[in-house]
Amino acid sequence: MLSPDEQAAIAQVKQELDGAFEKELGEAGQVLDARIADSVNLDVIRTILRDAIDTVHSRKGERAAQALAERLRPLLARAQ
C-alpha cells in the first residue's frame, strides 16, 4: 500500500500532466495521457514519461524531445 506522501505525489504529478501529451502530440498523446491517469505508482509514471520523450523524439525530432525532457525533468526527479 502506498504512503499518504506517495499518494499525494502521484496525484500532483497526474494533475500537472493532465492533457499535456495531447497538447504535444495531438491524438497520439491521448494514449500517454490515459496511461498517466491510470498509473498507480511513481515507477510506472516515470516509465511513461520516458516513453513520452521517446515518442516525441520519433514524431517531432530531437529538439522537441529535449524541450519536453527539460519540462519533465522536475517531475521525473519527484517520481524517484
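Mentor: We begin with a definition: a helix here is a DSSP run of H or I with at least four residues, and helices are numbered from the N terminus. Under that rule, R73 lies in helix α5, which covers residues 62-78. Please keep in mind that this is a predicted model.

Trainee: How confident is the predictor in the protein chain, as given by its mean pLDDT?

Mentor: The mean pLDDT of the protein chain is 90, and 96% of its residues reach 70 or more.

Trainee: Why is R73 called partly exposed?

Mentor: Buried means under 20% relative accessible area and exposed means over 50%. R73 has 47% relative accessibility, so the residue counts as partly exposed.

Trainee: What makes the pairing of R73 with E70 a polar contact?

Mentor: The limit for a pair of N or O atoms is 3.5 Å, and one must be able to donate a hydrogen while the other accepts it. The side chains of R73 and E70 make such a contact at 2.8 Å.

Trainee: How do you know that the length of α4 agrees with that of a helix?

Mentor: Helix α4 has 19 residues, 42-60, and at 1.5 Å a residue these should span 27 Å. The end C-alpha atoms are 26 Å apart, which agrees with that expectation. For α3, with twelve residues, the reach from first to last C-alpha is 18 Å, close to the expected 16 Å.

Trainee: Which residues of α3 are buried?

Mentor: They are G29, L32, D33 and I36. These residues cover an arc of only 100° around the axis, which puts them on the same side of α3. The face turned away from that buried side carries the exposed residues E27, V31 and D38. The buried residues of α3 pack against α1, α2 and α4.

Trainee: What are the buried residues of α4?

Mentor: In α4, L42, I45, R46, I48, L49, A52, I53 and V56 are buried. Their arc of only 160° around the axis puts them on the same side of α4. On the other side, D54 and S58 are exposed.

Trainee: How many residues has the largest nonpolar core, and which of them have the most contacts inside it?

Mentor: The core has 22 residues, and those with the most contacts inside it are L17, F21, I36, I45, L49, I53 and L72. The elements that give two or more residues to this core are α1, α2, α3, α4 and α5. In soluble globular proteins, nonpolar side chains tend to be buried together.

Trainee: Which residues does I36 contact, leaving aside neighbours within four places in sequence?

Mentor: I36 is in contact with K14, L17, F21, I45, I48 and L49.

Definitions and conventions:
Residues are numbered from 1 along each chain as its sequence is written. This is a predicted model: local features need pLDDT of at least 70, side-chain atom pairs count only at pLDDT 80 or more; totals for chains, interfaces and linings use all residues. Side-chain values use heavy atoms; hydrogens and water are left out. The expected span of a helix is 1.5 Å times one less than its number of residues. Buried means under 20% relative accessible area, exposed over 50%, partly exposed in between (1.4 Å probe, protein chains only). The arc is that of the directions from the helix axis to the C-beta atoms. A nonpolar core is a set of buried Ala, Val, Leu, Ile, Met, Phe, Trp, Tyr and Cys residues joined through side-chain atoms within 4.5 Å. Contact means heavy atoms within 4.5 Å. pLDDT is the predictor's confidence in each residue, from 0 to 100.
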